[in-house]
Amino acid sequence: MDSPFILVNLKTYQEGMGSNAHRIAAAAETVARESGAVIGIAPVFTEIHPMSHHYAIPVYAQHIDAITPGAHTGHILPEAVRSAGARGTLINHSERRLTLADIDACVQAARRLHLESVVCTNNDSTSAAAAALGPDYVAIEPPELIGSGVSVSKADPGIIERSVNAVRAVNPDVKVLTGAGIQSGECVKIAVDLGTCGVLLASSVVKADDPEAVLRDLVSML
Ligand SMILES: O=C[C@H](O)COP(=O)(O)O
């Protein structure tokens, strides 16, 4: 199996901005080096370039728009994310939903630009639909558990298992992540034991007094 993948989405939390964002990135770099896990970070767009140049961890965009270079204003151009140093991008996060056509266009843009694509989904049917588009990852997150402090691994392991099976049936090359309320090594272990290759999480790390301690716990049972 590949190294487990922990992707930390800083969202637009105040605690995920400025010097605290750099504190989290530095902690991710330290814990990744010590544990062998891959720990990525998805900061606000303006931090993609500094973070990708200062830390030896993969940096992801939180979103891209389904546009090509030209006359668009206020959009996130996939090419700009790539040139800022992003390794990949979230697509269709629950807090940034897209149409199916736009998800497809974003996955194709990511492939063309050699950006890893992480398509977020809300149930096993949408996980199957996302897998049909051929992204690198599908990330299943029940929306009602996002930011709740209640872990999908414990509250709804069935949705993880069904999504893993649905994705494998459609395209076994697509890897599966899960997220929502992930907060401990036990949550990560359950997710990996159910067939995912890791987790997508935010609040437990971003809002922690000691993000490094939480990251250490997250990888402790792998
Ligand atoms: O992108 C991350 C997910 O929405 C999970 O967020 P959470 O870990 O705060 O529940």
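Me: How many bridges join β1 to β8, and do they run parallel or antiparallel?
Reply: Four bridges join the two strands, and they run parallel. Before going on: this is a predicted model, where local features need pLDDT of at least 70, side-chain atom pairs count only at pLDDT 80 or more, and totals for chains, interfaces and linings use all residues. Residues are numbered from 1 along each chain as its sequence is written, and side-chain values use heavy atoms, with hydrogens and water left out.

Me: What counts as a strand or a helix here, and when do two strands pair?
Reply: Both are DSSP runs numbered from the N terminus: helices are H or I with at least four residues, strands are E with at least two. Two strands pair if DSSP finds at least two bridges between them.

Me: Which residue in β8 is the bridge partner of Phe-5?
Reply: That's Gly-198. Leu-177 also stands opposite Gly-198, and Thr-178 has Val-199 as its bridge partner in β8. Strand β7 (residues 175-179) pairs with β8 in the parallel sense, over three bridges.

Me: How does the chain get from β7 to β8?
Reply: Through α8, in a right-handed β-α-β crossover. Right-handed means that, with the strands pointing away from the viewer, the path from the first strand over the helix to the second runs clockwise.

Me: What's the strand order in the sheet?
Reply: It's an open sheet of eight strands, in the order β2-β1-β8-β7-β6-β5-β4-β3, with parallel pairing. At the edges sit β2 and β3 (60-61), each pairing on one side only.

Me: OK, helices. Which residues of α5 are buried?
Reply: In α5 (residues 124-132), the buried ones are Ser-127, Ala-128, Ala-130 and Ala-131. They sit on the same side of α5, because they cover an arc of only 165 degrees around the axis. That arc is taken from the directions from the helix axis to the C-beta atoms. On the other side of α5, Ser-125 and Ala-132 are exposed. Buried is under 20% relative accessible area, exposed is over 50% and partly exposed is in between, with a 1.4 Å probe and protein chains only.

Me: What covers that buried side, and what's at the helix ends?
Reply: The cover includes β5 (116-121), β6 (137-140) and α7 (157-170). Asn-123 caps the N-terminal end, with a side-chain oxygen 3.0 Å from the backbone nitrogen of Ser-125. After α5 comes Gly-134, with a positive phi near 75 degrees.

Me: And α10, which residues are buried there?
Reply: Pro-211, Val-214, Leu-215 and Leu-218, in a helix spanning residues 211-218. Their arc is only 100 degrees, so they are on the same side of α10. Among the elements covering them are β1 (5-9), α1 (18-35) and β2 (38-42).

Me: Switching topic: how many disulfides are there?
Reply: Zero, from a search of the whole structure, where a disulfide is a pair of cysteine sulfur atoms within 2.5 Å. For Cys-120, the nearest cysteine sulfur is that of Cys-106, 12 Å away.

Me: Last one: what is Ile-48 in contact with?
Reply: Leaving aside neighbours within four places in sequence, its contacts include Pro-43, Val-59, Tyr-60 and Ala-84, contact being heavy atoms within 4.5 Å. The C-alpha atoms of Ile-48 and Ala-84 are separated by 6.1 Å, though the two are 36 residues apart along the chain. Ile-48 belongs to helix α2 (residues 48-54) and counts as buried at 1% relative accessibility.

Definitions and conventions. Polar contact = N/O pair within 3.5 Å; in protein donor to acceptor, adjacent residues only side chain to side chain.
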